[in-house]
Amino acid sequence: MNIAIVGTGYVGLVSGTCFAETGVNVTCVDVDATKIERLQRGEMPIYEPGLDQMVLKNVKAGRLKFTTDLASVLNEQDIVFSAVGTPPDEDGSADLKYVLQVARTIGQHLDKYVVVVTKSTVPVGTAAKVKAAISEELAKRGCDVPFDVASNPEFLKEGNAIKDFMSPDRVVVGVESEKAKKLLTRLYKPFLINNFRVIFMDIPSAEMTKYAANSMLATRISFMNDIANLCERVGADVNMVRAGIGADTRIGRKFLYAGCGYGGSCFPKDVKALIKTADQQGYSMEVLKAVERVNERQKGILFEKLQRAFKGESLGGKTIALWGLAFKPETDDMRESTALVMIDKLLKAGCHLRVYDPIAMDECRRRIGDSVTYCRDMYDAVLDADALLLLTEWKEFRLPTWGVIRKAMRHPLVIDGRNIFDIEEVLENDFEYHCIGK
């Protein structure tokens with residue numbers, strides 16, 4: 001089977017590589033010639049554990065290729081996936097210009113039957129727009145080439161994407177014809193053999209499923225952050241509360257961890273897009289609007305704790321160490337990260353910042369330049385610091401040598417934004433310690 005993946009960003013590159021791993025012939029397409037040249041040299045444009053080795057393996061086997069020219073390979077394909085970006089517009093709605101550009105290109109060059117599958121996260125009704133764009137271009141050519149559209153939203157977690165793709169909780173596929181269903185069933189046969197769930201449904205339901213899933217997870221995070229903030233005021237421990245409610249099988253334990261806010265490429269964008277979709281339909285998503293407000297407030301919670309720790313003293317001139325820049329571990333993605341909010345607040349307060357992240361240093365420099373000091377490791381970051389703020393729960397941060405840190409810091413203050421440190425151990429080393437929900 002031959003498939004093309006248009007867009008070699010996070011979703012496209014991981015999906016294409018994993019499909020190649022199952023024996024499919026995959027051509028990844030991107031308009032960015034520099035990115036394609038890098039991929040052809042074996043250089044990864046994104047960080048994802050294990051992806052570079054898998055790409056090299058499948059390129060060597062001849063199952064994975066890269067090109068900038070969709071038209072030249074279009075009519076060799078059985079299925080074409082559109083995995084291009086859908087950035088949020090200023091009003092929060094998803095920008096579909098790249099999705100529709102791909103559709104028009106397909107319509108301008110299509111000569112044989114193909115299934116066009118939207119992999120990007122798109123609002124309900126996008127498949128119909130894709131179908132209309134392809135049909136319009138075919139009509140301009142005076143061609144009557146059959147094709148189908150489908151929706152196959154991704155549910156990949158950054159840092160764990162390969163495992164998520166190869167061993168999925170479920171695969172959601174929206175189709176409107178038996179022919180498309182048979183072709184996509186064949187593509188996903190390796191997953192069916194391993195008893196993973198492939199759930200076929202209508203296209204609008206598939207498009208909605210992606211937004212609903214991410215919005216539910218975002219809701220759980222914001223709910224627990226709200227509970228954590230109340231726990232601090234009434235003397236409760238959010239970790240004990242989490243254990244208590246997570247033991248309820250109707251609730252479960254996942255996504256109940258309190259912290260300093262969620263970020264990334266999915267949750268913030270998808271919550272905004274679903275709110276906007278509802279607004280366009282004359283309906284207000286009150287719960288999700290609250291989820292969004294809670295999360296934006298939570299991103300500044302560590303700044304408030306820092307101010308309280310210094311009892312109203314000006315933060316100007318103080319040196320603050322930040323551990324973690326990416327929005328989560330095992331990725332260099334800083335989109336909507338708490339670190340960006342904190343850096344902005346701390347710089348405006350006149351602080352000097354010493355930062356360290358195992359992976360995201362280059363991405364931070366690309367985004368904010370040299371307004372902070374980039375350190376060689378976690379211990380270098382705390383040198384002469386007046387406070388240490390933990391923003392991302394990387395594994396290497398979990399068991400630091402507190403005695404060394406205590407000697408290196410000017411003021412022994414630790415603010416744990418992810419509740420990962422052993423409180424007793426921190427206090428035994430004469431630190432002032434603050435966390436979330438205690």
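Student: If contact means heavy atoms within 4.5 Å, which helices do the buried residues of helix 12 pack against?
Tutor: They pack against helix 10 (203-234) and helix 13. Helices (H or I, at least four residues) and strands (E, at least two) are DSSP runs numbered from the N terminus. The model is predicted, so local features need pLDDT of at least 70 and side-chain atom pairs 80 or more, while totals for chains, interfaces and linings use all residues. Residues are numbered from 1 along each chain, and side-chain values use heavy atoms, without hydrogens or water.

Student: Why is helix 12 described as largely enclosed?
Tutor: Ten of its 14 residues are buried, so helix 12 is largely enclosed by the rest of the structure. Buried means under 20% relative accessible area (1.4 Å probe, protein chains only). The buried residues of helix 12 are F267, P268, K269, D270, V271, A273, L274, I275, T277 and A278.

Student: How do helix 12 and helix 13 cross?
Tutor: The axes of helix 12 (residues 267-280) and helix 13 (residues 286-298) come within 10 Å and cross at roughly 145°. Helix 12 contributes V271, K272, L274, I275 and D279 to the contact, and helix 13 contributes L288, K289 and E292. Axes are lines fitted to C-alpha atoms, for helices over the stretch in contact, with angles from 0 to 180 degrees between N-to-C directions.

Student: What comes just after helix 12?
Tutor: G282 does, with a positive phi of about 80°. Helix 1 is likewise followed by a glycine, G23, whose phi is positive and near 105°.

Student: Is helix 1 mostly covered or mostly open?
Tutor: Helix 1 is mostly covered, with eleven of its twelve residues buried. Those buried residues are Y10, V11, G12, L13, V14, S15, G16, T17, C18, F19 and A20.

Student: Turning to the sheet, in what order do the strands lie?
Tutor: The order is 11-10-9-12-13-14, in an open sheet of six strands with parallel pairing. Strand 11 (373-374) and strand 14 (432-434) are at the edges with a single partner strand each, so one side of each has no neighbour in the sheet. Two strands pair if DSSP finds at least two bridges between them.

Student: How many bridges join strand 10 to strand 11?
Tutor: Two bridges join strand 10 (residues 352-356) to strand 11, and these strands run parallel. V355 has Y374 of strand 11 as its bridge partner.

Student: Which helix packs on that sheet?
Tutor: Helix 14 (residues 301-309) does, touching strand 9 (319-323), strand 12 (387-390), strand 13 (413-416) and strand 14. The direction of helix 14 makes about 155° with that of strand 13.

Key:
Contact = heavy atoms within 4.5 Å. Buried < 20%, exposed > 50% of the residue type's maximum accessible area, 1.4 Å probe, protein only.
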